[in-house]
Amino acid sequence: MVADSRTAFARDQRQDAGLAERRLWDRLRAGRVDRHKFRRQHPVGPYIADFACDRLRLILEIDGGVHERDDVILRDHLRQNELEGLGWTVLRFRNEEVLTQPERIIAAIRDHAERLDQ
């Protein structure tokens, strides 16, 4: 995917965000979690991450029901391995977790940040 088409794709993804992604973005935007700046639908290597924080080298992926299919599970696994190979940590959460237990995501971000400070 060429850079311009990736940018257009990311923009479309931001505009078409599902409820879980919109709710999580409300909690992450503008440095609301300990001043960590997250970007949504952010290009990382050849991929577009749902949410990424460059300073923490942290990607948050929000998975809907399609991510339970075997072919998607395999693709997600390969993608995660590549992203981790680029030096990123990938944390995956299901839509339901974002909607019912958003504090778990915030706690996971803070735990990751603390491990980096050690």
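Two strands are taken to pair if DSSP finds at least two bridges between them, and the legends below apply this criterion to a predicted model.

View 1. Strand β3 covers residues 58-63, and because six of its six residues are buried, the strand is largely enclosed by the rest of the structure. On one side, six bridges join β3 to strand β4 (residues 89-94), and these two strands run parallel; within this pairing, D63 has R94 of β4 as its bridge partner. Strand β2 (residues 47-53) is joined to β3 by three bridges, in an antiparallel arrangement, and here C53 has L58 of β3 as its bridge partner.

View 2. D34 is placed in the loop that runs between α2 (19-28) and β1 (39-44), and its phi is near 55 degrees, a positive value in a residue other than glycine. R35 lies in the loop between α2 and β1 as well, and although R35 is not a glycine, it has a positive phi of about 65 degrees. With a relative accessible area of 42%, D34 is partly exposed, whereas R35 is exposed, with a relative accessible area of 73%.

**View 3. The largest nonpolar core and the contacts of F38.** In soluble globular proteins, nonpolar side chains tend to be buried together. The largest nonpolar core of this model has 19 residues, and those with the most contacts inside it are L24, L28, F38, F51, L60 and I109. Two or more residues of this core are given by each of the elements α2, β2, β3 and α5 (102-117), and the largest share, five residues, comes from α5. Leaving aside neighbours within four places in sequence, F38 is in contact with W25, L28, F51, A52, C53, L58, L60 and I109. A second, separate core of eight residues includes Y47, A49, A52 and W88.

**View 4. The aromatic pair W25 and F51.** A pair of aromatic rings is described by the distance of the centres and the angle of the planes. The structure holds one aromatic pair, in which the rings of W25 and F51 have their centres 6.1 Å apart and their planes at 20 degrees, so the pair is stacked. Because W25 lies in helix α2 and F51 in strand β2, the pair ties together parts that are 26 residues apart in sequence. Both W25 and F51 are buried.

View 5. A113 is found in helix α5 and is buried, with a relative accessible area of 11%. Not counting residues up to four places away in sequence, A113 touches H36 and L56. Although A113 and H36 are 77 residues apart along the chain, their C-alpha atoms are separated by 9.3 Å.

Technical notes
Residues numbered from 1 in each chain as written. Predicted model: local features only at pLDDT ≥ 70, side-chain atom pairs only at ≥ 80, totals over all residues. Heavy atoms only, no water. Buried < 20%, exposed > 50% of the residue type's maximum accessible area, 1.4 Å probe, protein only. Helix = DSSP H or I, 4+ residues; strand = E, 2+ residues; numbered from the N terminus. Core = buried A, V, L, I, M, F, W, Y, C linked by side-chain atoms within 4.5 Å. Contact = heavy atoms within 4.5 Å. Phe/Tyr/Trp six-rings, centres within 6.5 Å; stacked < 30°, edge-to-face > 60°.
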